[in-house]
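Colleague: Can you walk me through this model? I'd like to go bit by bit.

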Amino acid sequence: MNRTSIRNEIVNNKLVSSVVGKFLSFHQSRVPYSPDNPFLVGPFAPVTEEVFSSDLVVHGEIPSSLNGIFLRMGPNPLEVENPANYNWFMGDGMVHGLRLKDGQALWYKNRYVGTHHIHKKLGREKIKGEPRGPVDVANTNIIGHAGKIWTITESGPFPVALDHELNSLKYGLFNSKDNYPFTAHPHVDPDTGELHAICYDALLPMQVYYQVIDQSGQVKKRVSIPVKHGPMMHDCGMTKTKMLVLDFPVTFSIERMLQGMQLPYSWNEKHPARIGVLPKNGDAQDIKWFDVDPCIIFHSFNAYDLVNGDIIFDACVHTKTFTDSIQGPVDKQLIQFERWTLQFGTQTLKREVISKIPQEFPRLDERFVGKPYRFAYSISVGNEGEPVDNINLKANNLLVHDLLKGESYKHSYGDDYFTGEVIFLPKHSESEEGDGWLISYIHALDGIKPSKVVILDSKKIGQNPQATIDLPVRVPLGFHANWVDI
Ligand SMILES: [Fe+2]
């Protein structure tokens, strides 16, 4: 793309964004005021201050090999005009970071992601670049890539680059000049360091995109894939040779937009569920689709190729959602850990249940992304066989699934605490799979007590933590966590 066409695309995008932004604001302003919203109180309630502390109390021994920042991203709205239609998925982003080095906890800090929207309200200078699209939000995930930290969000907004002190620097599709949407869930190829992602733009409902970002942050490949109805694609799957496109029945809804909903997506009975298999070296015509009974997957554990060419895909499968989700995920849905085998000989899908415990935030030892693996990690979000209740949260557990033995183990963080996403870090680069540290932010259910970061030894599940770091403040329940080496 030359400079003129890039400039034209940015100008066109700004015009469309401005018109759509005004349209959204108008319809949202017509929703009658109500003070009630469960995602603004208790453990969900936003914090009101940015905090820095280098005086942290540590219990136990922080592993000396952990040199970096443990990051957590989530919504923390600076102001909410009308709680009635505030949607948890749309709140201004705040990043929380815990810096560890040589066995010490150097500091904790939280910072608003410096979108123009936020910096204007805070009286701060604009960061470089411009937001992409009418919704200036960066709140979903946070990763390290090409020497920087990046907030990443689906449906259109640009990533935002942060430095290692969590200061916001610029908008952009990593280090490229391309004006493309990205996703909250790229998959990192452990052999190349490249990001592979299925991305979409809420304003372009008839296509999604397979994009590869190379190690330097440039766009290496882009494939446009035709779809219908504007499906929400939060995650994807990746094997060594293929990408899995998750085309499920939560789609863009003009009706919801006209009703003034901040997140205009809903369950769509007319949209068949299917999963597409795209060769990484292929184009849209090479994709093969497998039909699936209606359900939806927001997050996957892993996927890999079998010797016979079939594909294993492990994920948290939800029965039905976005049926009544004006303010956040309140649907009484069932969730279970399933293993899907995509069988090319018969073009059919085999579904097996690995665990009926409702669970989410699936992770693995990321050295095994796209490859056969043994250990899967997640957090419980309810009781086995019962629908999820995100409003009346109870204490939860880390779940460790040994897929070789067919056994699962639990770790409780106490009756008063809820663990957020738990990530796995190998003890050393050569450690065997499953020998590492499991680290997460722990949230008090009373919505009052400060949060903690807990580090577990993966070989000592159910025992005392390796280390607990008391944070000076509460971290609201939020979305994704990741580790960035420094
Ligand atoms: Fe996610």
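Modeller: Start with Arg363. Arg363 counts as buried, at 10% relative accessibility. Buried means under 20% relative accessible area, exposed over 50%, and partly exposed in between, with a 1.4 Å probe and protein chains only. This is a predicted model: local features need pLDDT of at least 70, side-chain atom pairs count only at pLDDT 80 or more, and totals for chains, interfaces and linings use all residues. Residues are numbered from 1 along each chain as its sequence is written, and side-chain values use heavy atoms, with hydrogens and water left out.

Colleague: What does the side chain of Arg363 meet in a salt bridge?

Modeller: Glu421, at 3.2 Å from N to O. A salt bridge here is a side-chain nitrogen of Lys or Arg within 4 Å of a carboxyl oxygen of Asp or Glu. The pair links distant parts of the chain, 58 residues apart: Arg363 is in strand E24 (residues 359-364), and Glu421 is in the loop between strand E28 (417-419) and strand E29 (423-426). Helices (H or I, at least four residues) and strands (E, at least two) are DSSP runs, numbered from the N terminus.

Colleague: And Glu421, buried or exposed?

Modeller: Buried, at 4% relative accessibility.

Colleague: How many salt bridges does a search of the whole structure find?

Modeller: The search finds 21. One of them joins Arg132 and Asp201, with the closest N and O atoms 3.0 Å apart. Arg132 lies in the loop between helix H2 (116-122) and strand E6 (141-145), and Asp201 in the loop between strand E11 (195-200) and strand E12 (207-213), so the pair ties together parts 69 residues apart in sequence. Arg132 is buried at 5% relative accessible area, and Asp201 is buried at 7%.

Colleague: What about Asp457?

Modeller: Asp457 forms a salt bridge with Lys427, closest N and O atoms 3.0 Å apart. Both Asp457 and Lys427 are buried. Separately, salt bridges with shared partners join Asp191, Lys240 and Lys371 into one network.

Colleague: Switching to the metal. Which residues coordinate the iron ion?

Modeller: His185, His234, His299 and His480, each through NE2, at 2.0 to 2.1 Å. Donors are N, O and S atoms within 2.8 Å of the metal (3.2 Å for Na, K and Ca); water is not among the atoms, so sites may look incomplete. His185 is buried at 10% relative accessible area, and His480 at 2%.

Colleague: What is the geometry of the iron ion's site?

Modeller: Irregular, with angles of 91 to 160° among the four donor atoms. Four donors count as tetrahedral if all angles lie between 85 and 135 degrees; four count as square planar and six as octahedral if opposite donors are over 155 degrees apart and all others between 65 and 115; anything else is irregular.

Colleague: Now domains. Which residue ranges does the assignment give?

Modeller: Domain 1 is 31-184 + 430-486, and domain 2 is 201-412. The bounds come from an automatic or database domain assignment. Their centres, taken over C-alpha atoms, are 22 Å apart.

Colleague: How many salt bridges cross the interface of domain 1 and domain 2?

Modeller: The rule finds one.
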